[in-house]
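Open the model in your viewer and keep the selection tool at hand. This tour goes stop by stop.

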Amino acid sequence: MKANAYIPALTGVRAIAAFLVFFHHANQAEFPFPLFRVLNEFHIGVTIFFVLSGFLICLRYYDTCEITGVWFRKYLKNRIARIYPMYVVLTLATFAYAWYTNDESIYNGFTWHWGVLLMNIFFFRGFFDDLKFTGVAQGWSLTVEECFYFSAPFFFRQIKKDKRALIYLPLLVLGIGLLLVAIFSHFNWWGFYGNYRFNFLYTFTGRCTEFFIGMYLALYMLKQKDSPKYKFPWVTLLGFVVICGAMAIMTSIPLTETMPFGLYHPWGIFSNNALLPIGVSLFFYGAIMERSIVRWILSTKLMDLLGKSSYIYYLVHIGFIATISHHYSEIWTDAFYAWLDAHEYYWLSEHIPYAVVSIGIVFILLNIVSIILYKLIEEPMNHYIRKSSLLEKKVKPVVNS
């Protein structure tokens, strides 16, 4: 498989991952228990993102990786172009909205507002348990992503030297995380590696397995031909079964006040960080190499557009834009039910749950906002930065004497 190959099905997967996280956060206690319990573990969209990042970064850069200033600066520029502009815009907008509305919730009790802002802008908040949900709350995962981006070239170099590095590197990273918790859990430093749960759920040292499993798939795919060669999607189905198995383990764990998600249990952590990524990588392989209805759906133009705007969708699905969307959703949902009653469609108004209509409207609104922001801001800024001289070493002109 070519390193620079565009894979439409995986762009569609990005949309699915973002939507899973949306429905995870939109879950309602009033939903029937089986539905509530399943949606409660739809945080698995984050795992899908992490496996996908490991796969794509390895696929794109493994063969061309060089630990040189020129290569590294270009690599970082591409990563900045992909992640940073939209994140900064939404982070600044979030803090401006909080200042305008006197919303202290985004600071999580911290009075040093400028410090919290800077910790968000530079991704440092993701290392601190007490700060991880400040600002754009879901942005904690970008700290994990950035840690992978910075370390991936060094992983690639070591793997090229010694294939056994595929085994001992993730173990080494996991060990570093455990060591940091063993040291810093005794200090009250805003929860910096304050406990093992935080390490395994919110840091790269705890979740590196997801990226490495994506890398394993990429290294295997680099040896494969581009075109799908399997008529029956057995790998796609196998991946889906493994994903459902990991979900089944998490949903079977009893919930308590201190354990609101199955993910918080040790078996939930194992299922999410080790078993689930295996299923996701198998699903990716099937979506790329097998001719199936799943591959066709994920590759449609609509899914391609939703996938390209999914990063913004992920950043806005909770926060002030989502709050505004929920406000208008309630107004329009009330109007919808009033219209049903005015036209004597009482059966519909009695059997269509209010929450379902309201969530559906928010889902659509956020997709519209995401597509608009993608077209107007993210895509142009991405292209501009990639073509710019950002981080490039300036060459001094030679002066003839």
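Predicted model: local features only at pLDDT ≥ 70, side-chain atom pairs only at ≥ 80, totals over all residues.

Residues are numbered from 1 along each chain as its sequence is written, and side-chain values use heavy atoms, with hydrogens and water left out.

**Stop 1: α1 and α17**

Select residues 8–25, helix α1, and residues 354–387, helix α17. Helices are DSSP runs of H or I, at least four residues, numbered from the N terminus. The two axes come within 12 Å and cross at roughly 140°. Axes are lines fitted to C-alpha atoms over the stretch in contact, with angles from 0 to 180 degrees between N-to-C directions.

Now show side chains. F19, F22 and F23 of α1 meet I359, V362, F363, L366 and N367 of α17. Contact here means heavy atoms within 4.5 Å.

**Stop 2: H24**

Stay in α1 and pick H24. Is H24 buried or exposed? H24 is buried, at 11% relative accessible area. Buried means under 20%, exposed over 50%, partly exposed in between (1.4 Å probe, protein chains only). Leaving out residues up to four places away in sequence, H24 touches L39, N40, E41, F42, H43 and F261.

**Stop 3: T209**

Jump to helix α9, residues 204–221, and select T209. T209 also counts as buried, at 18% relative accessibility. Beyond residues up to four places away in sequence, T209 touches L174 and N273. Zoom in on N273: the T209 side chain reaches its backbone oxygen at 2.6 Å.

Note on methods: Helix = DSSP H or I, 4+ residues; strand = E, 2+ residues; numbered from the N terminus. Polar contact = N/O pair within 3.5 Å; in protein donor to acceptor, adjacent residues only side chain to side chain.
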